[in-house]
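Okay, thanks everyone, let's get going. Have the structure open on your screens and follow along with me.

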Amino acid sequence: MNDITDLEVREGVDRETVETVANMGSYKYGWDTEIEMEYAPKGLSEDIVRLISEKNGEPEWMTDWRLKAYRRWVTMQEPSWAMLNYPEIDFQDQYYYARPKSMEAKPKSLDEVDPKLLATYEKLGIPLKEQMILAGVEGADAAPADGRKVAVDAVFDSVSVGTTFKDELAKAGVIFCSISEAIREHPELVQKYLGSVVPPTDNFYATLNSAVFSDGSFVYIPPGVTCPMELSTYFRINAENTGQFERTLIIADKGSYVSYLEGCTAPKRDTAQLHAAVVEIVVLEDAEVKYSTVQNWFPGDEDGNGGIYNFVTKRADCREARAKVMWTQVETGSAITWKYPSCVLRGDDSQGEFYSIAITNNHQQADTGTKMIHLGKNTRSRIVSKGISAGKAQNTYRGLVSMHPKATNSRNYTQCDSLLIGDKCGAHTVPYIEVKNASSRVEHEATTSKVDDDQLFYCRQRGMDEEEAVAVIVNGFAKEVLQALPMEFAMEAQSLVAISLEGSVG
Amino acid sequence: MLKINNLHAKLEDEDKQILKGVSLEVPAGEVHAIMGPNGSGKSTTSYVLSGRDGYEVTDGSATLYGEDLLEMEPEERAAAGLFLAFQYPVEIPGVGNMTFLRTALNAQRKRRGEEELSAAEFLKLIREKGKALNIDADMLKRPVNVGFSGGEKKRNEILQMAVLEPKMCILDETDSGLDVDAMRLVADGVNALRAPDRAFLVITHYQRLLDHIRPDVVHIMSDGKIVKTGGPELALEVEQNGYADLLSEVA
């Protein structure tokens, strides 16, 4: 661990103790991978957009789509309405494309992938290799020992490194690959759906993403198919001064079901890095999509240096009747979070749910929430948002519930709670509610509380130290959201909650 | 086991002295009661001993097996064997009673350098202890004290005591808010935990709890001091004549 060198160690102190201390409260995923990278020149221009498109081997329609977005973007203003304070971003001082050199010739399978890359993912606890072996067994019923399978698409800086379990998924008719591959192999699906939920003109960051997105994941679940395993993408930003702009497109055709997980980490750097992703989900008649995120980008150091600036547009379109979508997010990382996973409830009787925990510590700032746009009749939505602030962090819930004139008999229930740890942090709730018909109902509840001294003392009298006690209390506070996560993620998220609050009390 | 000597304490934020020289000693295996009128400093004694914030010790000492309690953090006192049954047990929403107790037990064991209990071992332990106290599985799964009746909360305190197996148990007005049946159930639980290597300090305003938990020694507290110490008959005297008589006698 590099961190040890940062600590002043008195003589005679046990090394193990030092390591334990060094690892405590530090960002676990802060190391970087030394790997030869290939960069596009710094800055953004039409040439860079063309270069990215060319690197990905894209057809002309895609290049044109990007260029259109770029031309739009140069006319747009960065939004300033969020409750976020950060130095102006110089968009010309960024790399927009970085890929490991070894990926120049696209590997045909995971076997051809640079071992260093695979090692990176292994270190992150993502068993790509093991699954690759399993996936490599032609026709075998490849179940790992623990009986649960999760297919993984791993994105390293700008490119997808590899996708596991492809063959087995293909048997079920499920397409799970990188978006660059989908553009080449499944252009009819991409052309039909890309930008249909988040149009390239949507907002400053989404438009930027439309111009320069380098890779991301693509999922198509055919009609009537329940995806045989959970799908997940792990995003890793490694290169310095590089923005990551991934694009995810998920299509759940009629009567299908998929659960999708997204995890994110980045090395510690003392300069901020930009991340502007777009996720689009199309849900057709009777289909259901669960999308869970554990966002653990580097949050910057205790003094607020560095960290990821996370400007993300995520939206699901319940395009047809009885479509269902559920967003669950655990946000512990990033210096700046600007993110509002939304549901467009277009189909009659469609449903949207949003469960969120946003934890901010030190100098982190989060402005996050959701939008529930009720367009169809009898549509339902539910929002449960928990914000936890410690240190000098600022945490804002910003949510829109909109009931259109035709969305008769629709319902929304919103509950947002904030928990403050310490007295230098802040929590804010900004709900926007628009109801344009008489038969719909919107309920909103909001609470703000502090970690109670009586609760703390009670836990400590029973033997827990202060940090353990805070972790227990905070986990209890966050439980409604943690429960909505798939099993493995719930465990991971629970320990993340504890990690990101370490050192925040006392 | 527990030695308190000339303990003086005041509120941290105010210049108000509450304990003005408390001295008492509880040997292992004994049950002592502290009785006294409201505002005499009974509960403050329990808070100062367990290390609650908001109090400042200005003089005197308190030791458990010779170890200075006042120097320790609350969790260190717990691991050393000090347990406080709260007058108002605290609710912790979203945290299962079992999870809470397992986290606490393992935190104590870790601090003492003992092996932590696995989920299975803990389950066995808590089922066994719960049964003895008439605590059903449902109560174990519910969030800590949330929606518990007064009696359930106090029984839960005794369950925690049974699982954590402390040396020195302080019961702060455990009888408050309990009906006769609930009080008997709690008292039975405490009596079952009496042991040669364990001591109890039972803080109460009324004598009635002491009908069920027979003390060896009764201390009367008034205005921040122990003013009289005697056998169980002292509690009966209070019951019959009230505090006023007794205090005027002392004065």
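This is a predicted model: local features need pLDDT of at least 70, side-chain atom pairs count only at pLDDT 80 or more; totals for chains, interfaces and linings use all residues.

Residues are numbered from 1 along each chain as its sequence is written, chains are lettered from A and ligands numbered from 1 in the order in which they are written, and side-chain values use heavy atoms, with hydrogens and water left out.

When I say helix or strand, I mean DSSP runs numbered from the N terminus: H or I with at least four residues for helices, E with at least two for strands. Two strands pair if DSSP finds at least two bridges between them. And buried is under 20% relative accessible area, exposed is over 50%, partly exposed is in between, with a 1.4 Å probe and protein chains only.

So, back to B:Ala33. On the other strand, S11(B), B:Ala33 stands opposite B:Val218, and B:Ile34 has B:His219 as its bridge partner there. S3(B) pairs with S10(B), residues 199-204, in the parallel sense over 5 bridges, and with S11(B), residues 217-222, also in the parallel sense, over 4 bridges.

How many residues of strand S3 of chain B are buried? It's 5 of the 5, residues 31-35, so the strand is largely enclosed by the rest of the structure. In a regular strand, side chains alternate between the two faces of the sheet. Here both faces are covered: B:Val31, B:Ala33 and B:Met35 are buried on one side, B:His32 and B:Ile34 on the other.

Zoom out a bit. The order S6-S9-S10-S3-S11-S12 in chain B gives an open sheet of 6 strands with mixed pairing. S6 (82-85) and S12 (225-230) are at the edges with a single partner strand each, so one side of each has no neighbour in the sheet. On average, neighbouring strands of this sheet are turned by 20° against each other, direction ignored. For angles, axes are lines fitted to C-alpha atoms, for helices over the stretch in contact, and angles run from 0 to 180 degrees between N-to-C directions.

Chain B also has an open sheet of 4 strands, antiparallel, in the order S2-S1-S4-S5. Its edge strands, S2 (17-26) and S5 (67-68), each pair on one side only. H1(B) packs on that sheet, touching S1, S2 and S4 of chain B, and its direction makes about 75° with that of S4(B). S1 (residues 2-11) and S4 (residues 55-64) of chain B run antiparallel and are joined by 8 bridges; one of the pairs is B:His8 with B:Asp59 in S4(B).

Staying on H1, residues 42-50 of chain B, that's where you find B:Ser43, which is buried at 17% relative accessible area. Contact, by the way, means heavy atoms within 4.5 Å. Leaving aside neighbours within four places in sequence, B:Ser43 is in contact with B:Gln87, B:Asp172 and B:Glu173.

Next helix: B:Pro74 lies in H2, residues 74-80 of chain B, and counts as buried at 5% relative accessibility. Which residues does B:Pro74 contact, leaving aside neighbours within four places in sequence? A:Phe457, A:Arg460, B:Ser50 and B:Gly51.

That takes us over to chain A, with 12 helices and 23 strands. Of its 506 residues, 60% count as buried. Among contacts in chain A with a separation of 6 or more, 84% come from residues 24 or more positions apart.

One helix pair to look at there: H3(A), residues 60-73, and H9(A), residues 204-212, pack at an angle of about 145° with their axes 7 Å apart.

B:Cys169 is in no disulfide either, with the nearest cysteine sulfur, in A:Cys459, 19 Å away. A:Cys343 counts as buried at 0% relative accessibility, and B:Cys169 counts as buried at 0% too. That's my tour, thanks.

Definitions and conventions:
A disulfide is a pair of cysteine sulfur atoms within 2.5 Å.
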